[in-house]
Amino acid sequence: MIHNSVLFTVMAMSAALAVAADTPAPKKVVKAATLCATQDSKACQDAATPKLILESLKSGNANFVNGKSTPRNYIQQVKATAAGQYPLASVVSCIDSRAPAEIVFDRGIGDIFNARVAGNIVNEDILGSLEFASKVMGAKLIVVLGHTSCGAIKGACDDAKLGNLTQLVAKIKPAVAAVPNDGKDRSSKNYAFVDLVAERNVHMTVQMIRDKSPILKEMEQKGEIMIVGAMYDLKTGKVSWYDPPPAAARKG
Ligand SMILES: [Zn+2]
């Protein structure tokens, strides 16, 4: 009898193992309107809303400014996200070495897409990247992040010409022209003017995303994504936000 009982146990264990091998891992359940510490599943992405993601970037920047950034085990996050990515947001920011989006928003591996280009402008390649990020990969927020004392903005103010940079700077010049002339210096020597142009450039870039990407415009109108502008202060580490349009703010 003992023999039979051992045999039965072994058979039962084998059956259980076979079932375990055939049964997919249970789907991760994440409570709605919450954020995961690591974006390691679609459930994490689905649970987040554009508004919640925006709030998390705001509080992340507050952590950064206060020297209380979240301690992260990056290599653990590498392993947790190796099988797939489920980022929450895209950030279009400048290449400036002092404005790294993940750090200033206190985010880790797999949290955000980051398109960096001098002067945080968009062209069709970056628009394509943003469409990929939101329409294909499910990111729900787009942030255009300018920064103070931006070299590319200064170049546009001074009408700088240098190799391929000339074409890039030309994309910022409409922002220079859009700042009203108050009779003061309009060169890079006028820091206040440079920062006004940087702000105007953020607003125009946000508008350009809507104008040049019907895909993203439609997603924004449906409340599936939000598109917002912001400004990073190189002296304080603080990000100031420009209000999103009321229609987008009302959703999610
Ligand atoms: Zn810059």
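Trainee: Which residues does alanine 89 touch, not counting residues up to four places away in sequence?
Mentor: Alanine 89 touches Ile53, Leu57, Ile112, Ala139, Lys140, Leu141 and Val143. Contact here requires C-beta atoms, placed from the backbone, within 7 Å. This is a predicted model: local features need pLDDT of at least 70, side-chain atom pairs count only at pLDDT 80 or more, and totals for chains, interfaces and linings use all residues. Numbering starts from 1 along each chain as its sequence is written.

Trainee: Which residues touch the most other members of the largest nonpolar core?
Mentor: They are Ala89, Leu141, Val143, Ile153 and Val197, in a core of 53 residues. Helix α10 (residues 191–212) gives the most to this core, with nine residues. A nonpolar core is a set of buried Ala, Val, Leu, Ile, Met, Phe, Trp, Tyr and Cys residues joined through C-beta atoms within 7 Å. Buried means that 20 or more other C-beta atoms lie within 10 Å of a residue's own, placed from the backbone.

Trainee: And strand β4, how many of its residues are buried?
Mentor: Seven of the seven residues in β4 (residues 226–232) are buried, so the strand is largely enclosed by the rest of the structure. Helices (H or I, at least four residues) and strands (E, at least two) are DSSP runs, numbered from the N terminus.

Trainee: Which sense does its pairing with β3 take, parallel or antiparallel?
Mentor: Strand β3 (residues 141–147) pairs with β4 in the parallel sense over seven bridges; pairing requires at least two bridges found by DSSP. Valine 144 stands opposite glycine 229 in β4.

Note on methods: A residue is buried if 20 or more other C-beta atoms lie within 10 Å of its own, exposed if 12 or fewer, and partly exposed in between; C-beta atoms are placed from the backbone. Two residues are in contact if their C-beta atoms, placed from the backbone, lie within 7 Å.
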